[in-house]
Amino acid sequence: MSLLSTTSLVKQFGGLTAVDEVSFEVDRGETRAVIGPNGAGKSTLINCITGMLEPTRGTVEFDGEDITGVEPHDAVQRGLSKSFQTASIFPEMSVEENVEIAALAAEHGSFQLNFLRKRESFDEVHRISERMLDAVELLDQRDHEAASLPYGDKRRLEIAIALASEPEMLFMDEPTAGMSPGETHATVELIEELQDDLELTILIVEHDMEVIFRIADRILVLNRGRVIADATPEEVQGDPEVQEAYLGGVEL
Amino acid sequence: MSDDTEPDGGPVVDEATERVDGSTDDLLERILARDDLVVVGFVLSLFVFPYLLVNLLTQIGEAIGFSIGGYVGLPTLVLIFGIVVIGFNLLLGYTGLLSFGHAAFFGVSAYAAGIFTAEATAFLPTAVAHSPLAMVGVGTFAALVIAWPIGFVSIRRSGVYFAVLTLTFGQMLYYYALGPGAWLTNGDNGFSDVNVGHLLGTFELEEAILGADFLRAYTWQYVFVAVAAVFALWMANRIINSPYGLIFKALGQNEQRVSFVGLDVFRYKHMAFIISAGFAGAGGALFAIHETYIHPTTSLYWITSGDFVIMTILGGTGSLVGPVLGALIFEYVSNVISGVSLPVIGAIGSLWRFVLGAVFVVIVWVFPKGVYGGVRDVVVALTGRGDDDGGEEA
Amino acid sequence: MSLLSQAVTILLNGLQQGAVFALLGIGLTIILGTMEFLNLAHGALYLIGAYAGLLVFKEAALTNGLLYNSGIQQVGLGAGFLAALVLVPIIGFVVGALMERFVAEPFYDRAETDQLLVTFGLALIIEELVKQVIGGNTFQSIPPETLLGVQASGPIGLPIVGSFPRWRLYIVLIAGVVILATYFVIERTDFGLVVQAGTRDSEMVRLLGIPIDRSYTLVFAMGAALAAFAGLIGASFQTISPQIGMERALVPAFLTIVVGGAGSVVGAIAGGMVLGVVVAAFQQTYSQWAFIVMYLLVALVLVFRPQGIFGSVEVGE
């Protein structure tokens with residue numbers, strides 16, 4: 001039973017078709033990678049699913065419900081969470097507050113009239129924040145200002161924020177971009193742990209093929225907005241059309 | 001600054017960077033950081049504020065030959081604007097939304113409160129219709145009612161377009177009150193039919209609570225406004241320490257992320273706008289009580305909105321009470337210092353606005369945290385946040 | 001007065017006011033577009049233009065202010081309106097260049113709110129400076145008697161409307177020429193090309209290796225010169241006081257580019273004309289509602305057509 005599916009999803013910017021009739025399914029518990037040369041439409045595809053962009057045509061279904069064109073906060077409330085390509089954090093808040101706000105949203109919905117309730121009284125929110133900070137090994141730095149963290153830690157914090165939303169499915173946009181080999185290694189381990197511990201379904205966009213082949217169950221390959229392969233890593237590796245797309249003059 | 005503090009074992013490294021010992025540092029920092037204590041400190045300072053501003057400064061002024069003392073109503077006026085900018089800061093300082101239209105809420109509330117006292121006697125007992133409490137209630141309510149649609153529309157745009165939209169709505173109300181709305185507001189002649197009754201049916205607001213001369217600035221009106229100011233600060237403090245506080249701060253730093261943790265950005269910004277308008281409304285009604293006269297230019301005109309911006313920035317957006325300090329500086333300078341006559345230069349007169357503008361620019365440029373934040377930084381720096389920092393510098 | 005002549009009078013008055021709005025709007029929009037810098041001191045440049053015009057053109061009799069207090073009762077060159085037409089834009093240009101170097105430049109990388117605040121502060125300072133030095137009183141408008149030897153004052157007979165103030169007609173012509181010239185500079189010169197590209201995508205222009213930063217001072221100064229020129233034109237038919245920068249220039253300038261569409265010179269021209277005609281129409285019929293309608297129009301545009309009536313780029317999203 002698939003958790004997420006898109007049907008003939010299209011996104012056009014003026015005359016340019018960035019996502020072209022993309023239909024694919026992601027099964028519950030699966031780690032799915034999306035790869036493709038630069039400009040293949042990977043980020044646009046994710047943005048169309050998570051609500052940042054409204055698709056021109058086609059539908060997105062999540063957990064049996066049509067979520068085409070919903071607002072980002074609505075998508076998150078339904079269980080779709082996203083970690084950004086750049087460390088999208090709240091720089092002037094503490095590490096703990098960064099995660100707390102996501103936990104708060106998960107516990108209390110997208111809007112509540114509770115502006116006179118003390119924050120300290122939300123035990124569940126604290127419990128979740130602690131657990132997520134622990135998962136990304138930032139619990140010791142909880143009182144630090146987020147801006148003061150090294151880059152790798154900021155990315156981990158970003159992932160913790162995404163996790164604190166208690167998602168069923170996590171979208172990761174190039175989680176190892178700009179990381180040192182050591183940081184990359186730690187992040188891959190983190191993703192594998194998350195998958196096991198939290199039974200997350202993960203959709204990951206990544207350039208690092210080593211990372212992809214290590215963690216992905218299946219790979220969706222895009223080129224110029226179209227799906228050119230949707231198969232296991234082994235099958236994708238042997239696919240002539242994929243090789244053509246990568247080697248055929250388009251830079252990796 | 002800390003000449004009389006004993007070094008207490010900690011070696012004094014340099015006369016210029018003299019510091020107190022570590023334990024006092026921590027205490028000081030904790031006090032400055034604790035919001036609840038700031039509220040308590042605010043309450044305490046309200047007990048001495050009128051005496052210092054009116055009596056003491058007058059005496060000092062007489063001694064040095066300048067009239068630098070405040071007049072009796074000044075402490076009240078400062079607190080009225082203090083209430084407004086506490087709320088304005090929730091929007092500007094936390095959520096990062098710069099409104100150039102808050103005079104709309106201030107002015108509408110003032111008019112609503114004033115008109116209420118004039119008209120409500122028709123269907124309410126005079127004691128209620130002229131009650132200061134009812135005026136504040138009616139005014140604040142009116143402000144909230146118009147803030148809902150104005151916010152709903154303005155929040156859809158960001159940055160300068162948000163500022164222009166809020167300004168636009170404010171100016172529409174201003175020109176309406178000045179011209180076509182004259183049947184309601186008495187237009188350019190101003191609305192003078194403000195009938196302020198006794199507080200709780202007992203206390204005449206203009207009277208001092210006691211006869212003694214050193215208490216002459218302690219009028220019932222001051223007591224009323226001071227209680228309102230404390231309530232406003234307490235309320236703001238609660239809001240900042242509620243989930244809203246966290247979300248408002250987050251909105252100011254990374255709006256997109258807020259939406260991607262599953263929060264409805266639009267509705268929270270809208271709430272921030274309405275809440276902040278409520279504070280402006282409370283201030284506006286109190287202003288009507290204080291002045292017993294309302295004119296479009298002193299209440300609805302966009303310069304008034306600009307004054308709120310100046311006060312808030314002057315005092316500092318980084319803290320809850322900072323803007324109140326800004327209101328104090330602004331009102332003191334504009335009402336008292338502007339009347340001072342200097343030996344060489346002559347009357348300061350309207351020069352104060354020039355100085356204020358210059359100070360404002362310097363603050364935006366160098367002290368983004370405002371006077372309060374700047375003072376706090378200086379205190380922390382002088383007392384040495386950590387021995388390490390101070391040691392290295394020395 | 002027949003309906004037709006009333007309509008034409010409204011149109012002429014609207015074009016005259018609209019020309020001032022358009023001059024302001026063009027200046028603001030090229031600065032906003034190229035540098036993504038929000039200049040709340042734009043009205044102060046108009047103010048400078050108006051006072052510079054007064055002092056170049058006339059000898060103004062002072063009644064208060066610093067100069068008056070130090071014994072100077074008359075100030076100004078009395079050099080004529082033509083001299084003002086030449087000198088005022090130059091003054092605006094220089095002030096604008098200085099403003100860019102010393103105030104705007106340090107704030108390019110700071111938050112939008114900081115840009116608004118610092119230029120707001122600067123606007124207050126300039127307004128107060130003028131008030132302190134020259135005095136807070138209101139001066140009469142300064143229409144010239146003659147210009148280039150041509151009679152410029154008095155009424156002129158026009159078809160349909162009949163008698164119309166000659167100078168008001170000339171304002172439309174003079175402003176029209178300057179607006180057209182600006183339009184051609186931006187459409188037809190290399191400098192204009194950079195400005196155009198910059199207003200569309202300044203990041204891209206930089207990536208293409210065009211030294212856009214060097215053009216910043218020039219763009220800013222040009223915008224300032226236009227604002228100052230608008231101030232001179234405004235002063236030739238409206239009273240002059242320290243408040244006019246904020247009241248008659250800053251707010252209308254922003255409204256103009258909102259209506260016309262941000263970053264578009266044609267939009268600023270069209271937006272200015274639309275606002276001018278709307279205000280003129282209501283001033284002639286329901287004068288109390290003129291400004292309310294003007295603001296309402298802006299609010300409606302912002303809400304329902306945020307790219308402006310003539311623009312294509314959505315703003316403030």
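Predicted model: local features only at pLDDT ≥ 70, side-chain atom pairs only at ≥ 80, totals over all residues.
1. The contact between chains A and B. Chain A gives 37 residues to this contact and chain B gives 29 residues. Between them, chain A and chain B bury about 3,100 Å², and 64% of that area lies on carbon and sulfur atoms. On the chain A side, the residues that lose the most area to chain B are A:F111, A:F115 and A:R119, which together make up 22% of what that side buries.

2. Polar and charged links across the contact. Two salt bridges are counted between chain A and chain B. B:K249 forms a salt bridge with A:E97, and the closest N and O atoms of that pair are 3.5 Å apart. The count of residue pairs in polar contact between chain A and chain B is eight, with both residues at pLDDT 80 or more.

3. Where the chain A side comes from. Four elements of chain A give two or more residues to the side that touches chain B: α2 (72-77), β6 (80-83), α3 (95-108) and α5 (151-164). The largest share, six residues, comes from α3(A). Sorted by class, the side of chain A that touches chain B holds 19 nonpolar, ten polar and eight charged residues.

4. Over all chains, the count of aromatic pairs is 33. In one of them, B:W148 and B:F152 are stacked, at 5.2 Å centre to centre and with 10° between the planes. The angle counts as stacked because it falls under 30 degrees. Both residues sit in helix α6 (residues 132-154) of chain B, and because they are four residues apart there, about one helical turn separates them. B:W148 has a relative accessibility of 47% and so counts as partly exposed. B:F152, with a relative accessible area of 31%, is also partly exposed.

5. An edge-to-face pair between chains. The ring centres of B:F360 and C:F120 lie 6.1 Å apart and their planes stand at 85°, so this pair is edge-to-face. The pair crosses between chains: B:F360 belongs to helix α16 (residues 351-366) of chain B, and C:F120 belongs to helix α5 (residues 112-134) of chain C. Both B:F360 and C:F120 are buried.

6. A ring cluster. Ring pairs also join B:Y174, B:Y175, B:Y301, C:F291 and C:Y295 into a cluster.

7. B:Q221. This residue lies in helix α9 (residues 220-240) of chain B. Is B:Q221 buried or exposed? B:Q221 is buried, because its relative accessible area is 5% and the cut-off for buried is under 20%. Leaving aside residues up to four places away in sequence, B:Q221 touches B:T76, B:L205, B:E206, B:I289 and B:H290. From B:Q221 to B:F203 there are 18 residues in sequence and 8.9 Å in space, C-alpha to C-alpha.

8. C:S2. This residue lies in the segment before α1 (3-35) of chain C. With a relative accessible area of 41%, C:S2 is partly exposed. The side chain of C:S2 reaches the backbone nitrogen of C:S5 at 3.1 Å. How many residues apart in sequence are C:S2 and C:V161? C:S2 and C:V161 are 159 residues apart in sequence, while their C-alpha atoms are 8.8 Å apart in space.

Note on methods. Residues numbered from 1 in each chain as written. Chains lettered and ligands numbered in written order. Heavy atoms only, no water. Buried < 20%, exposed > 50% of the residue type's maximum accessible area, 1.4 Å probe, protein only. Contact = heavy atoms within 4.5 Å. Buried area = accessible area lost by both parts, 1.4 Å probe. Salt bridge = Lys/Arg side-chain N within 4 Å of Asp/Glu carboxyl O. Polar contact = N/O pair within 3.5 Å; in protein donor to acceptor, adjacent residues only side chain to side chain. Nonpolar A, V, L, I, M, F, W, Y, C, P; charged D, E, K, R; others polar. Phe/Tyr/Trp six-rings, centres within 6.5 Å; stacked < 30°, edge-to-face > 60°.
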